[in-house]
Amino acid sequence: MRQHSQSPWACQKGLSIMPHTHYWLILDLVREALTSFSSSKELVQAIHDALVAHRAVYAAGFLHWDLSPGNIIIVDGCGYLINWDFAKATKNDAPHWITRTGTWPFMSANLVEDASAVHTFQDDLESSFWLLLWATFMFMPLSLSLVDCTKFI
């Protein structure tokens, strides 16, 4: 990419090329999607396990930036946080572009409302809350009916 960074067709109006490195991790077996959980306990356990991994990687200086249903898989009842290709270093002194990486329905309210907000660990924690709430309402069997609701009126 460096060889083309100064080509006239590569940059317009003084914009610079932002370098990216893409990694592929190929697993032997593809496991269950987060939405295939067998119980509420397994759902909470999977999200908990993903957050434990997220905390460990954060301690090493990186943020995942996209806690969403497609990025957590279930393997033998345990959750794994996958798709780290958009993870960002937290200690980066180099100038960088303000970008919004993530799945919009699960992004923190602060990141959605403020385009200049810096993505933090707390934003990813909020994403896990939205993820749990969404999965619960979308994939857990509900026992309420209109008849049940009238008892509270």
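The legends below describe close-up views of a predicted model.

In this predicted model, local features are reported only at pLDDT of at least 70 and side-chain atom pairs only at pLDDT 80 or more, whereas totals for chains, interfaces and linings use all residues. Residues are numbered from 1 along each chain as its sequence is written, and side-chain values use heavy atoms, with hydrogens and water left out.

**View 1. Overall arrangement of the secondary structure.**
The protein comprises four helices and five strands, where helices (H or I, at least four residues) and strands (E, at least two) are DSSP runs numbered from the N terminus. Read from the N terminus, the elements follow the order β-α-β-β-β-β-α-α-α. Of the 153 residues in the protein, 26% are buried; here buried means under 20% relative accessible area, exposed over 50%, and partly exposed in between, with a 1.4 Å probe and protein chains only.

**View 2. The open sheet of β1, β3 and β4.**
Three strands make up an open sheet in the order β1-β3-β4, with antiparallel pairing, and two strands are taken to pair if DSSP finds at least two bridges between them. Strands β1 (32-33) and β4 stand at the edges with a single partner strand each, so one side of each is left without a neighbour in the sheet. Two bridges join β1 to β3, with Glu32 partnered by Ile74 and Ala33 partnered by Ile73. Strand β3 (residues 72-75) is linked to β4 by four bridges, and Ile74 also stands opposite Gly79 in β4.

**View 3. The β3-β4 hairpin and its turn.**
Strands β3 and β4 form a hairpin with two residues between them, and Asp76 in the turn has a positive phi of about 50°. Gly77 lies in the loop between these two strands and is partly exposed, with a relative accessible area of 22%. The C-alpha atoms of Gly77 and Ser38 are separated by 8.8 Å, although these residues are 39 residues apart along the chain.

**View 4. Two loop residues with positive phi.**
Most residues other than glycine have a negative phi, and most peptide bonds are trans. Trp65, in the loop between β2 (62-63) and β3, has a positive phi near 80°, and its relative accessibility of 13% counts as buried. Asn83 is found in the loop between β4 and β5 (88-89), where its phi is near 60°, again a positive value, and its relative accessibility of 42% counts as partly exposed.

**View 5. Helix α1 and its buried face.**
Helix α1 (residues 40-59) has 20 residues and reaches 29 Å from its first C-alpha to its last, close to the 28 Å expected at 1.5 Å a residue, the expected span being 1.5 Å times one less than the number of residues. The buried residues of α1 are Glu42, Leu43, Ala46, Ile47, Asp49, Ala50 and His54. Seen down the axis of α1, these residues fall within an arc of 155°, so they line one face of the helix; the arc is that of the directions from the helix axis to the C-beta atoms. On the other side of α1, Lys41, Arg55 and Ala59 are exposed.

Helix α3 has 19 residues and reaches 27 Å from its first C-alpha to its last, close to the 27 Å expected at 1.5 Å a residue. Its buried residues are Phe121, Asp123, Asp124, Ser127, Ser128, Leu131 and Ala135. Seen down the axis of α3, they fall within an arc of 145°, so they line one face of the helix. On the other side of α3, Gln122 and Phe137 are exposed.
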